[in-house]
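Subject: Structure for you to look at

Hello,

Here is the structure I said I would pass on. Please open it first, and then read my notes alongside it.

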Amino acid sequence: MLVPVPSAPLPPVPQTPSEPIVVARGLCKTFRVAEKQPGLGGTLRHFLRRRHRDVPAVTDVSFTIQPGEIVGFLGPNGAGKTTTLKMLTGLIHPTAGSATVAGHTPHRRQRGFLEAITLVMGQKQQLIWDLPPLDSLRVNAAVYGLDDTEARRRIDELAEMLELGEELTRPVRKLSLGQRMKAELMAALLHRPAVLFLDEPSLGLDVNAQARVRQFLVDYNRRTGATVLLTSHYMADITALCPRVLLIHGGRLFYDGRLAGLSERLAPWRQVRLELAQPLPAETFHSYGELESLDGAEVRLLIPRQRLTEVVARLLNELPVLDLEVSDPPIEELIGRLFRQGVVA
Amino acid sequence: MSTRLSLARGLRIARVLLSTQYAYMLEYRAEIALWALSGVLPFIMLGVWSAALAAGGDDAGLGLGLSQAELARYFLGAFIARQFTVVWVVWAFEEDSLAGRLSPYLLQPLQPLWRYVAAHLAEQATRLPFVAVIAALFFLLQPAAFALPSPGRFLLAVLAIWLAFAIHFLLQSLIAILCFWSERAQALERLLFIPYLFLSGLVAPLAAFPPGVRQVAFFTPFPHMIGFPAQLLAGLEVSIASSFAAMAGWIALLLPLTALAWRAGVRRYTAMGA
């Protein structure tokens with residue numbers, strides 16, 4: 001069972017010489033929500049004596065992110081990911097705690113801060129629906145103080161990276177979802193922000209479009225050194241982009257570390273698949289580990305990590321093994337199981 | 001939010017925003033033409049008041065002190081003033097706020113209300129040819145009322161219309177900002193519409209109201225929003241200096257109020273639907 005990452009003392013001082021570009025210290029956000037019972041009676045009571053309930057959305061979340069890092073922000077719906085992103089972008093004020101992004105306090109929304117960040121939110125769009133994306137890009141270029149030449153250069157560069165061409169001169173409403181998302185990314189990145197907050201940037205896209213957006217983010221990070229904090233329901237996004245992940249559940253941070261380390265943390269065992277010369281009864285395998293499945297001569301065992309070497313040696317010595325394969329359980333399976341079973345609660 | 005801009009950058013943003021919004025409004029030109037046509041209330045009221053005058057209204061104590069031609073020009077002026085002071089920021093802002101479209105605007109280094117100002121000005125530019133055609137038709141149908149204001153009066157009328165638009169925009173923005181608290185701010189706008197309708201001069205010149213109402217009305221922003229520019233356009237006698245002073249006063253009051261409300265509202269913003 002996991003326990004929340006303690007937030008005090010504050011996040012460890014990074015070993016790298018650079019200062020963190022994102023710092024969250026004990027961030028909390030509580031929403032006040034009106035409660036209403038169904039039916040006429042409930043409506044009248046709601047009208048006459050409104051009752052409220054405080055709902056903690058984020059509780060004591062602390063972490064730091066170094067410049068240039070790509071960090072995945074994982075958690076089920078309602079875990080507090082988007083609320084945390086909104087606090088880090090200054091859209092909402094934290095109830096308690098503090099944040100620093102690119103040297104600024106987000107909720108003050110100073111010019112320097114707004115020019116240093118961007119937030120892309122899945123299906124929410126900033127493009128003007130009835131005009132081509134180029135019109136929205138012109139507006140953004142003016143708002144961020146880019147002259148025409150520089151704006152043109154950046155538009156060309158982003159268009160090339162995102163494989164957008166004549167789509168930029170078609171009304172947004174006529175574009176496919178994938179093309180719109182790519183144009184949204186262009187609009188969000190035209191001012192070349194140092195910190196990207198991406199909330200489900202590939203939501204609703206088909207597999208090919210997801211892969212292209214993913215590749216773009218890798219290229220963009222490599223070219224500009226931008227820092228990325230990314231939430232996604234697609235594990236492929238996380239595994240392809242994020243060496244480090246933050247895991248949040250019920251508003252609390254439960255894990256902050258390498259993606260590879262997450263599977264060790266969540267599942268302190270490894271999966272061993274055996275192909276035997278002939279089928280053996282289930283009791284044969286009890287002394288080796290937990291029997292996950294038995295299908296004729298094919299067996300799957302879960303072996304504690306610390307016993308792995310010893311058990312594999314015994315299996316090879318004691319059983320008629322034709323083939324043996326050791327693997328980590330898929331990360332999405334682990335996280336899915338984690339949230340379904342509430343292991344972190 | 002610290003969004004102070006240099007003049008050159010501000011002008012460039014204004015130019016790009018206006019041209020983009022104008023392109024956007026042109027996509028809706030047919031709808032805007034219909035909106036322009038739907039603003040014919042002053043012409044209906046002209047019919048009503050003309051009938052009253054023809055029936056010996058002034059003798060009956062209507063107290064307008066206007067000839068038939070002056071009355072016609074007044075209501076044409078009211079129509080024109082209304083067309084260029086129509087404000088819908090409360091609906092657009094509320095919709096954007098509830099749909100989460102406000103969030104990207106809030107994350108850019110430009111006060112979001114400027115986008116709505118640009119959209120309104122672009123819409124006015126789109127309305128201009130339709131209004132010109134309707135005015136020309138009006139004079140064709142009422143040749144006796146034809147008279148053009150002097151250039152000086154015309155410029156004063158243009159200035160009065162811009163100031164009236166500014167007052168109306170600030171008033172409605174103030175209500176729109178209540179979205180941050182109530183989520184349904186446009187209902188409050190309806191409350192404002194009733195005094196606006198009667199005291200602005202849209203349904204009757206203010207002279208038609210009893211002296212007590214006129215005095216009270218003068219201390220509200222409404223008579224300056226339609227009646228004053230309409231009187232300027234119609235070439236009627238009007239207290240120019242005091243009306244402009246009152247408009248400046250209202251803007252001086254509403255501008256900091258709007259800024260304060262904005263600052264407080266943004267603190268409350270919870271990015272609904274975003």
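Let me begin with one residue in chain A. R109(A) counts as buried because it has 21 C-beta neighbours inside 10 Å, and 20 or more are needed for that label. Please keep in mind that this is a predicted model.

Where does R109(A) lie in chain A? It sits in the loop between β4 (96-101) and α3 (111-116) of chain A. Most residues other than glycine have a negative phi.

E200(A) belongs to the loop between β6 (195-199) and α7 (207-224) of chain A. It has 20 C-beta neighbours inside 10 Å, so E200(A) also counts as buried.

Now to chain B. How many helices and strands are there in chain B? The count is 14 helices and zero strands. Along the sequence, the pattern of chain B is therefore one α after another, α-α-α-α-α-α-α-α-α-α-α-α-α-α.

The overall dimensions come next. The C-alpha atoms of chain B fill a box of roughly 60 × 40 × 30 Å along the principal axes. For 274 residues, a compact globule would have a radius of gyration near 19 Å, and the 20 Å of chain B agrees with this. Of the 274 residues in chain B, 39% are buried. If you take the contacts in chain B with a separation of 6 or more, 80% are between residues 24 or more positions apart.

One helix to look at is α13 (residues 227-234) of chain B. Is α13(B) mostly covered or mostly open? It is mostly covered, with eight of its eight residues buried. Among these buried residues are F228(B), P229(B), L232(B) and L233(B). The buried residues of α13(B) pack against α4 (68-83), α8 (151-177), α12 (222-225) and α14 (240-268) of chain B. Just after α13(B) comes G235(B), with a positive phi of about 70 degrees.

Two of those partners, α8(B) and α14(B), also touch each other. Two packed helices are described by the angle between their axes and the distance between the axes. Here the axes of α8(B) and α14(B) come within 9 Å and cross at roughly 30 degrees. Angles under 35 degrees count as roughly parallel, so α8(B) and α14(B) are roughly parallel to each other. Their crossing is left-handed. The residues making the contact include L163(B), I167(B) and L170(B) of α8(B), and W250(B), L254(B) and A261(B) of α14(B).

Last, the two chains meet. In this contact, 26 residues of chain B touch 24 residues of chain A. On the chain B side, α1 (7-27) and α6 (102-106) each supply at least two residues. Which helix gives the largest share of that side? It is α1(B), with nine residues.

Regards

Methods
Residues are numbered from 1 along each chain as its sequence is written. Chains are lettered from A and ligands numbered from 1 in the order in which they are written. This is a predicted model: local features need pLDDT of at least 70, side-chain atom pairs count only at pLDDT 80 or more; totals for chains, interfaces and linings use all residues. A residue is buried if 20 or more other C-beta atoms lie within 10 Å of its own, exposed if 12 or fewer, and partly exposed in between; C-beta atoms are placed from the backbone. Helices (H or I, at least four residues) and strands (E, at least two) are DSSP runs, numbered from the N terminus. Two residues are in contact if their C-beta atoms, placed from the backbone, lie within 7 Å. The radius of gyration is taken over C-alpha atoms; the globule rule is 2.2 Å times the number of residues to the power 0.38. Axes are lines fitted to C-alpha atoms, for helices over the stretch in contact, and angles run from 0 to 180 degrees between N-to-C directions. Angles under 35 degrees count as roughly parallel, over 145 as roughly antiparallel, 65 to 115 as roughly perpendicular and the rest as oblique. A crossing is left-handed if the near helix is turned anticlockwise from the far one by less than a right angle, and right-handed if clockwise.
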